[in-house]
Amino acid sequence: KRQNNFKIIYFRVAIMEEEEKKEKSSYSIDILKDSLMKNLNKEESLIIQNEYNKIGEILVSKGILTDKQLDIALSVQNTTHENLGKILINLEYVTEDHLSKFISSELGFTRISLGDYEFDEEIVKILSEQICRKYTVVPLFRIGKILTVAMANPFDIIAIDDIKLLSESPIEPVIATTAEILNIVDKVYHGSDVIDKIVNKL
C-alpha cells in the first residue's frame, strides 16, 4: 500500500510539473506575441509619421508653412505621437480641406467631395460604426473585388490593413475631410455605437 501511495504521489507531482511547464511555455509565447505586436505597431506608426513629415517638408518648400511652424508641429508630435497633418490642423496652420487638396495634387491621392454623395448604406455597413469612427473612414463603392474607401488619413497603413482584413477586399483609398466622412457615418448608423455602449452599461 505504501508503495502504491508513493507511486500515486510521484505521478501527481510529475503531472503538476508538466502542467506548470506548459503554463510557463504558453505564458512566454503570449508575452513574446505581445512584445512583437507592440514593436510592429511602433514601426507602423513611425512609417505613418514619416509619410506625413515628408508632407511637412513639401508644405515648407511650397511656402505654405514656415520652417518655424514645421519645427513647432514636429515638437508637438514628439510629445503627442499624432500624425503631423492632424497637428497642423489643430495649430491652425492649415485647414483640413486645404491639406486634403494639397495631398491630392502633390501625392496623387484622389480627392472626393462627399457633401452631395449618394451613399449606398449596404456598402457603408461593410465596416462597423466603431471601425469607421476609429479610423475616420467610410466605404463608398465596390468595383469588382476592390473596395474604395474614403479616408481622412490615406497614409494610415494600420487602418488599411485592418479594413482589408475585415472587408476581405483589396482597398483603394481616396481622401475626404473628417467632417464629410463622419456626416455619412452619422446618417447611416444614427449613433448606434454610442447607444450600444449605454445599453451594455445598464
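Over which residues does pLDDT stay under 50, with one contact beyond four places in sequence? That is residues 35-42. Two terms there: pLDDT is the predictor's confidence in each residue, from 0 to 100, and a contact means heavy atoms within 4.5 Å.

Ground rules next. This is a predicted model, so local features need pLDDT of at least 70 and side-chain atom pairs count only at pLDDT 80 or more, while totals for chains, interfaces and linings use all residues. Residues are numbered from 1 along each chain as its sequence is written, and side-chain values use heavy atoms, with hydrogens and water left out.

Overall confidence: the protein averages a pLDDT of 77, and 68% of the residues score at least 70. Among the elements, strand S2 (residues 146-151) has the highest mean, 95. Helix H9 (residues 192-201) has the lowest, 47. Helices (H or I, at least four residues) and strands (E, at least two) are DSSP runs, numbered from the N terminus.

Now the aromatics. The structure holds one aromatic pair. The partners are Phe-109 and Phe-155, edge-to-face, 5.3 Å centre to centre, with 80° between the planes. For the cut-offs: rings of Phe, Tyr and Trp (its six-membered ring) pair if their centres lie within 6.5 Å; planes under 30 degrees apart are stacked, over 60 edge-to-face, the rest tilted. Phe-109 sits in the loop between helix H4 (96-107) and helix H5 (121-124), and Phe-155 in the loop between S2 and helix H7 (157-167), so the pair ties together parts 46 residues apart in sequence. Both Phe-109 and Phe-155 are buried. Buried means under 20% relative accessible area, exposed over 50%, partly exposed in between (1.4 Å probe, protein chains only).

On to Asp-156, in the loop between S2 and H7. A polar atom of the Asp-156 side chain lies 3.2 Å from the backbone nitrogen of Ile-158.

Strand S3 (residues 171-175) holds Glu-172. Glu-172 is partly exposed, at 42% relative accessible area. Leaving out residues up to four places away in sequence, Glu-172 touches Ile-146, Leu-147, Thr-148 and Val-149.

Thr-136 has a phi of about 55°. Thr-136 lies in the loop between helix H6 (129-135) and strand S1 (137-143), and is buried at 16%. Glu-168 has phi near 55°. Glu-168 is in the loop between H7 and S3, and is exposed at 71%.

How values were computed:
A polar contact is a pair of N or O atoms within 3.5 Å; within protein, one must be able to donate a hydrogen and the other to accept it, and residues adjacent in sequence count only if both atoms are side-chain atoms.
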